[in-house]
Amino acid sequence: MTAAPLMSFIAVNRFGLGGRPEERAAAASDPRGWLKAQLAEDGTVSPAFAGLPAGGEVTGRLARAHEAEQEARRPPSLSPGAPGGGFGAETGVGAGAGAPRPGGGRVPPLVPPLSAVTDPANGDDAPMRRPPKLVIPPPPPGGGTPGGAAVGSEATVGLQDPLKQLQIELRDLFRREAGARIQAMATADQPFRERLVAFWSNHFTVSVRRSEVTGLVGAFEREAIRPHVTGHFEDMLLAAIRHPAMLLYLDNAQSIGPHSQVGLRSRRGLNENLAREILELRTLGVEGGYGQDDVRAFAAILTGWSVLGPRDVDGGTNGFVFRPATHEPGEKSLLGVRYPEGGESEGVAALAALARHPATARHVATRLARHFIADQPPAAAVARLERVFRDSGGDLGRLAGALVDSPEAWAEPLAKIKTPEELVVSTLRATGVIWPLDRVVGQLRQLGQMSFSAPSPAGWPDVAGEWIGPEAVMQRIEWCALAGHRLAPMVRPADLLEATIGPVARPETRQVVLQAASVAEAVTLLLASPEFQRR
Amino acid sequence: MLFRSTRRQFLVGLPVSLAVACPGFGSLALAMAAAPTARRLVVVILRGALDGLAAVAPYGDPAYRSQRGPLAMAEPGKADGLLDLGGHFGLHPALAPLHAFYRNGQLAVFHAVASPYRGRSHFDGQDLLETGFATPRQAPSSLREAGESGWLNRALGLLPVSHPFPQNRPGLAMGQTVPLILRGAAPVSSWAPAAMPEPNPDLIGRLVQLYLGDPLLAPALEEGLRGQLFADTALAVPAPAPVSPPPVGGMGGPTAATPAPASAPRPSGGDFPALAVTLARFLNPEAGPRVAVMELGGWDTHAGQGAAKGRLADALRPLAVGLAGLAQTLTPEIWRQTAVVVVTEFGRTVAVNGTGGTDHGTGGCAFLFGGAVVGGRVMTDWPGLAQPALFEGRDLMPTLDLRAVLKGVLRDHLGLPIAGINATVFPDSGAVAPVAGLIRT
């Protein structure tokens, strides 16, 4: 039987995101109960997300900006001027944001003005503090209207290109989203639930390494992941795949049935990227028993699943649109199941079937066990979770409860190395001190794990070997030193040690921390200690 | 002395307990004197599946234009045209910095090449590219107990001569973590540009103590210290003057024109060209690594791939600039001892897909680059692009096993015994004969 202090340590660190002051005490009397209580939706939304836009709004603005750009390319005499209203998400673009609109009310700008942006989408690891690449020119007098702003004034076309302007805004939005996500994790009252959000968000990775999704990644997590973390896998799968972020990230928005209306009169056709990654990464797993024919068939099924574009009037939900003119007609066969022609409903039915497939249960159970138990999870625990997934029809709340009930998850207190994000978040939670979010985001970028920027659709790795290398350890230590200096004025090392790694601290760690030459060094050594580096 | 004194010096190369006990123990001045030559091997992994038919286009194939459609590129000599590789194949114009090396015999291309993997998963494909096994996730029983390891790490174990500076590691990964290809029993180091201030040496010493016995953190910290001492020392040496490829008689073509960097104290860029130049500065000293790995992404061009310009061209450009920069930053002596292999997990579909891109395929191309290379040729048993010749009716048919190339390089460049290569580096590859004659003797 694991001792009580150790149980609360595991509850707070393994399942939670690292304890806030007093959190371990809250978990102490009934660690399992403390975790399970978090599986009940409490309906609150983290204030970290206040003011951040919905996916439909961003998609709508992108569509408008594309439309305006197309208009701007035509000779002015042919321009029909600003398109009329008719959709709620319409807002000003670029210089028009914040200006009074002809229709009345004032539209708040999507994001406050900025002086510099970085390019988070280019995939390199350059530090955030490099000089600004782009500076937004001051708005011209009089503002402008969407679609009409850049037309008819050749001198300003370059500066006011609505699409470029919006892209700059969206990059800044991305930085706010990345910061908001860290803030939400650092301040979560239901840290187990918040960890589940991060887990599922990673399972359904969308990443700004494809710049198309720069403004949508935060909305994706809020709209497709959060509502379903204790709901049903089938619903999360459908919400994630239908979200514009996913449809853009894995190219489905442009995929066209070769025999569809559009396919027949153009050279365009299928793109199998999304179909393949759903099968391989989101549902069955690579050994799930599908073949190339299944990938093609599934890609055909998903044709027409697209994103609001120029000239679309109805944004549907979150910017999703189904385009019958690009949907491949006719019956398809996926994994031996026939799907008669059914337009949009084919994809819904196919995703539902995939969600119920036994290989999906196995794949999801393995990934969960790897995250919460060990890099090489015990087979018995995986089998148990797999059974719960199948028997409950993919009830993710029941699955999380089964994890809490897994004895393997409580057997070894420090089985998992923290990812850089977990290291940073657990430090912020331990002290309750949050320094400027832009800085935190930049530091995470340096440590190799900036939010929403996973290197591939497979998401962030979940095994120690992928995170701990010689250079990575040096950088972790450097970050701990940075944090140590920042936190020194606000903490007492002995208290912080007890509140964080108390139940697992070895005598040598206590000694080194408590005998450090300064508070800053004591905190550095504590954060860098093998005990704090794990969960 | 040229090297900077840093916190790392006193800890490296000493038993950890000694380092902690005697923090003042002398600095390990690394000799930069002329020393016996030793071969250098760099492996560049292109993650995401490079379109081999775009990087090196078979413009002489009768089916090329019809199969590639909008992705087909203009012939050599035309605007934005391919750079000719001898009449049948052409180099993508974005790879222009490498063309002069080809004409000088310092770049070889392998085409219709593939690893043994025949699926289309990036992750399994890369897994196999890095483990050197014949099937995904199935280590032969002889190697299973050793745990996860990459073929390049296992190759380190077979190096015929030990490193002249035993405190330095012969293997280096350019990046924060060590990719699977270089992970394993042989200790290796990794390097990335520093961005945060360095903690004081005394504190590091106490962490060494705290990490003692930790199976994960102790070896990583020790390698980190070891690698950064070497890096600080190597980077304190000014980069050599740029070396242009020897002029090509009478052809007047483009020459690789990346200027070598000034002797910046510490590179700050994490991008591929900057990392490649930094790597060259690590490879130059005798104390430097013998084997290094670099990684580069951005190849998964499902949509809007483009032809002479576009997404793929934008990805190819830094690759070429980086490789040329590496060549120009190496001293002439080390350049003569260097081979760089550029590999990817698989090729892409022959036909353009519905979104102006290409999907996951099979056969593709690989490059061998360096002063030690017998290049200036495209080595291939060309299967053709006509529909019936394609693999599963969609991909370039692989006719050359990538392992044959790698085995040839390991044997003839690094001097590894073929029996050892077959037993531990590429198990289950006994039937795959090494390609001979790739390396100057």
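**Note on the predicted two-chain model**

1. Among contacts in chain A between residues at least 6 apart in sequence, 72% join residues at least 24 apart; two residues are in contact if their C-beta atoms, placed from the backbone, lie within 7 Å. This is a predicted model, in which local features need pLDDT of at least 70 and side-chain atom pairs count only at pLDDT 80 or more, while totals for chains, interfaces and linings use all residues. Residues are numbered from 1 along each chain as its sequence is written, and chains are lettered from A and ligands numbered from 1 in the order in which they are written.

2. Chain A overall. The secondary structure of chain A comes to 24 helices and six strands. Helices (H or I, at least four residues) and strands (E, at least two) are DSSP runs, numbered from the N terminus. Of the 535 residues of chain A, 56% count as buried. A residue is buried if 20 or more other C-beta atoms lie within 10 Å of its own, exposed if 12 or fewer, and partly exposed in between, with C-beta atoms placed from the backbone.

3. The interface between the chains. Here 54 residues of chain A are in contact with 51 residues of chain B. On the chain A side, the elements giving two or more residues are helix H12 (273-282), helix H20 (464-467), helix H21 (470-487), helix H23 (507-514) and helix H24 (519-528). H21(A) gives the most, with 11 residues. By class, this side of chain A has 24 nonpolar, 17 polar and 13 charged residues. Ala, Val, Leu, Ile, Met, Phe, Trp, Tyr, Cys and Pro count as nonpolar, Asp, Glu, Lys and Arg as charged, and the others, Gly among them, as polar.

4. H22 against H23 in chain A. Helix H22 (residues 493-501) of chain A packs on H23(A) at an angle of about 150°, and the axes are 10 Å apart. That angle makes H22(A) roughly antiparallel to H23(A). Axes are lines fitted to C-alpha atoms, for helices over the stretch in contact, and angles run from 0 to 180 degrees between N-to-C directions. Angles under 35 degrees count as roughly parallel, over 145 as roughly antiparallel, 65 to 115 as roughly perpendicular and the rest as oblique. The crossing of H22(A) and H23(A) is right-handed; a crossing is left-handed if the near helix is turned anticlockwise from the far one by less than a right angle, and right-handed if clockwise. A:Pro493, A:Ala494 and A:Leu497 in H22(A) meet A:Arg510, A:Val513 and A:Leu514 in H23(A). The residues of this contact divide into five nonpolar, no polar and one charged.

5. H9 against H14 in chain A. Helix H9 (residues 233-242) and helix H14 (residues 344-356) of chain A pack at an angle of about 135°, with their axes 9 Å apart. That makes H9(A) oblique to H14(A). The crossing of H9(A) and H14(A) is right-handed. H9(A) contributes A:Phe233, A:Glu234, A:Leu237, A:Leu238 and A:Ile241 to the contact, and H14(A) contributes A:Val348, A:Leu351, A:Ala352 and A:Ala355. By class, the contact has eight nonpolar, no polar and one charged residues.

6. Strand S1 of chain B. Seven of the seven residues of strand S1 (residues 40-46) of chain B are buried, so S1(B) is largely enclosed by the rest of the structure. B:Arg40, B:Val42, B:Val44 and B:Leu46 point one way from S1(B), while B:Leu41, B:Val43 and B:Ile45 point the other way.

7. Partners of S1 in chain B. Seven bridges join S1(B) to strand S9 (residues 338-344) of chain B, and the two run parallel; two strands pair if DSSP finds at least two bridges between them. In S9(B), B:Thr338 is the bridge partner of B:Arg40. S1(B) also pairs with strand S8 (residues 291-296) of chain B, in the parallel sense over six bridges. In S8(B), B:Leu41 has B:Val291 as its bridge partner, and B:Val42 has B:Ala292. Five of the six residues of S8(B) are buried, so S8(B) is largely enclosed by the rest of the structure. Strand S6 (residues 171-174) of chain B runs parallel to S8(B), joined by three bridges. The bridge partner of B:Gly171 in S8(B) is B:Val291.

8. The three-stranded sheet of chain B. Three strands of chain B form an open sheet in the order S2-S4-S3, with antiparallel pairing. Strand S2 (56-57) and strand S3 (83-84) of chain B stand at the edges, each with a single partner strand, so one side of each is left without a neighbour in the sheet. Two bridges join S2(B) to strand S4 (residues 90-91) of chain B, and B:Ala57 stands opposite B:Gly90 in S4(B).
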